Every structure is written in structure tokens, then in C-alpha cells.
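The sequence and structure come next.

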Amino acid sequence: MNFDPDFDQKQLDLLASQYLQDTTVNGKVIFFSDKENRISHATWRFNDADHATLREMGLKFALMDVLDNLIAYRVREEQPNAGQGVVSISDGMMALRWTSLEVAEALRDED
């Protein structure tokens, strides 16, 4: 397999087009994987109304599934920081930034 640096964003764009059209949800999801390189947990940073909207529309489950697959892809392709990162959601769009474990933990622990 050859690593496609645009693959992550393509997957998020597809997800956003399915779930986030005509929404004004804004926030971020900080996620982590376990030793088996599977999604283990995430911290959702949204106001209560946006969080409820994401839950009701089913995006939380769908995003966790996509992130799980992206982690596996990055590990298989031996990419750095494959186990944790931040998804920013803003006005119907998603962006993903892979980070070191230390950066992800610091973001998770922010107030």
C-alpha cells in the first residue's frame, strides 16, 4: 500500500457531508488509541446543545468508527503520531490534526 496524505481529510469530508450539512456545531474531539491501535476513548469539547445535536444525529458513533479505521491505516503505513489527535468541527466542516501523545493529553486536560 502507498500512503495517501489526503485520505484522512477525504474520509472526514465524506462524514461531514453526511452529517453536518446546515449545522453550526463547533468544537473539538480529542481522541486516543490503545495498545492494539484501536480507538480507546475521546473527549468531546462542545457546548451542551451542540453535544446533544451530535449525539442525536449519530455522528459520535460514526466519527469513532472512522477514527478507528484511520488509526489502523496510519499504523499500517508507519506514520508518526498514529494513535491520537484532534478533530475540529466548525460550521459543517471537519479537520484532523494528528499529535504527539503529550500534546493530545494537554489538550484533553485544558479547561
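D8 counts as buried because its relative accessibility is 6%, below the 20% cut-off. The model discussed here is predicted. D8 is located in helix 1, and its side chain makes a polar contact of 2.7 Å with the side chain of W98. Beyond its neighbours within four places in sequence, D8 touches L70, Y73, R74, L96 and W98.

Helix 1 spans residues 7-19, 13 residues in total. From first C-alpha to last, helix 1 reaches 19 Å, close to the 18 Å expected at 1.5 Å a residue. Its buried residues are D8, L12, L15 and A16. They lie on the same side of helix 1, because the arc they cover around the axis is only 100°. An α-helix has 3.6 residues a turn, so residues three or four places apart point the same way.

| Helix | Buried residues | Cover includes |
|---|---|---|
| Helix 1 (7-19) | D8, L12, L15, A16 | helix 3 (59-76), strand 4 (93-98) |
| Helix 2 (48-57) | D50, H51, A52, L54 | strand 1 (26-33), strand 2 (39-46), helix 3 |

Both ends of helix 2 can also be described. At its start, a side-chain oxygen of N47 comes to within 3.1 Å of the backbone nitrogen of A49. After helix 2 comes G58, with a positive phi near 85°.

Note on methods. Residues are numbered from 1 along each chain as its sequence is written. This is a predicted model: local features need pLDDT of at least 70, side-chain atom pairs count only at pLDDT 80 or more; totals for chains, interfaces and linings use all residues. Side-chain values use heavy atoms; hydrogens and water are left out. Helices (H or I, at least four residues) and strands (E, at least two) are DSSP runs, numbered from the N terminus. The expected span of a helix is 1.5 Å times one less than its number of residues. Buried means under 20% relative accessible area, exposed over 50%, partly exposed in between (1.4 Å probe, protein chains only). The arc is that of the directions from the helix axis to the C-beta atoms. Contact means heavy atoms within 4.5 Å. A polar contact is a pair of N or O atoms within 3.5 Å; within protein, one must be able to donate a hydrogen and the other to accept it, and residues adjacent in sequence count only if both atoms are side-chain atoms.
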